[in-house]
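The following note sets out several points for a colleague who is examining the coordinates. Each point may be checked against the displayed model.

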Amino acid sequence: CFLSTTAFAADPSGTWKWTQQGRGGGTGGGDKGGTPRESTLVLALKDGKLTGKVTTPGRGGDPTTTEISNASCKGDTVAFSVERTFRDNKFVVKYTGKLAGDTITGEYESPGRDGGAAQKREWVAKRAK
């Protein structure tokens, strides 16, 4: 029974890409305006363990690559966290999504500014060919 369940589990292994709208040019616009930013996620599922790295455009510099943590793949649900540092402040962004073929659709949650409420946004990643 365990083997048949495993055979039907989705495999998120591969390279995934998604685009988020850049900041609104100092207007506090969040996802409004700004240059779109493409992120790349490389996932590997081996022996039931999900690992990976996220690469995002750097702010005025080279891209930043970060190992994911707290990663899991249960059925068609993928979840992981990314710890980031910005101006000596560490924060964690949590991603969850449903895998359907070559698409992951879900949301990510990041801490609010200046201790405000967490912000949730949608993300849709496509598997790179």
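**Note on the predicted model**

1. T51 counts as partly exposed, at 35% relative accessibility. The model is a predicted one, and T51 is placed in strand 3. Once neighbours within four places in sequence are set aside, the contacts of T51 are V42, L43, A44 and I68. The C-alpha atoms of T51 and E67 are separated by 8.0 Å, and these two residues lie 16 residues apart along the chain.

2. Eight strands form a closed barrel in the order 1-2-3-4-5-6-7-8, with antiparallel pairing. On average, neighbouring strands of this sheet are turned by 30° against each other, with direction ignored.

3. Strand 1 deserves attention for its pairing. Strand 1 and strand 2 run antiparallel and are joined by seven bridges; strand 1 and strand 8 also run antiparallel, with two bridges joining them. Which residues stand opposite W16 in strand 2 and in strand 8? In strand 2 the residue opposite W16 is L41, and in strand 8 it is R127.

4. The largest nonpolar core has 19 residues, of which L41, F80, Y95 and W123 touch the most other members. Two or more residues of this core come from each of strand 1 (14-20), strand 2, strand 3, strand 4, strand 5 (77-86), strand 6 (89-100), strand 7 (103-110) and strand 8 (119-127). In general terms, side chains in a regular strand alternate between the two faces of the sheet.

5. W123 may be inspected individually. Residues up to four places away in sequence not being counted, W123 touches W18, L41, F80, Y95, T96, I104, T105, G106, E107 and Y108. Among these contacts, L41, F80 and Y95 are also named with W123 as the core residues that touch the most other members.

6. Is S110 buried or exposed? S110 is buried, because its relative accessible area of 11% is under the 20% limit. The residue belongs to strand 7. Apart from neighbours within four places in sequence, S110 is in contact with V92, V93, A118 and Q119.

7. D47 is not a glycine, yet it has a positive phi of about 55°. D47 is found in the loop between strand 2 (37-46) and strand 3 (49-56). With a relative accessible area of 75%, D47 is exposed.

8. N70 is found in strand 4 (residues 64-74), whereas D47 is found in a loop. N70 is exposed, with a relative accessible area of 66%.

How values were computed
Residues are numbered from 1 along each chain as its sequence is written. This is a predicted model: local features need pLDDT of at least 70, side-chain atom pairs count only at pLDDT 80 or more; totals for chains, interfaces and linings use all residues. Side-chain values use heavy atoms; hydrogens and water are left out. Helices (H or I, at least four residues) and strands (E, at least two) are DSSP runs, numbered from the N terminus. Buried means under 20% relative accessible area, exposed over 50%, partly exposed in between (1.4 Å probe, protein chains only). A nonpolar core is a set of buried Ala, Val, Leu, Ile, Met, Phe, Trp, Tyr and Cys residues joined through side-chain atoms within 4.5 Å. Contact means heavy atoms within 4.5 Å. Two strands pair if DSSP finds at least two bridges between them. Axes are lines fitted to C-alpha atoms, for helices over the stretch in contact, and angles run from 0 to 180 degrees between N-to-C directions.
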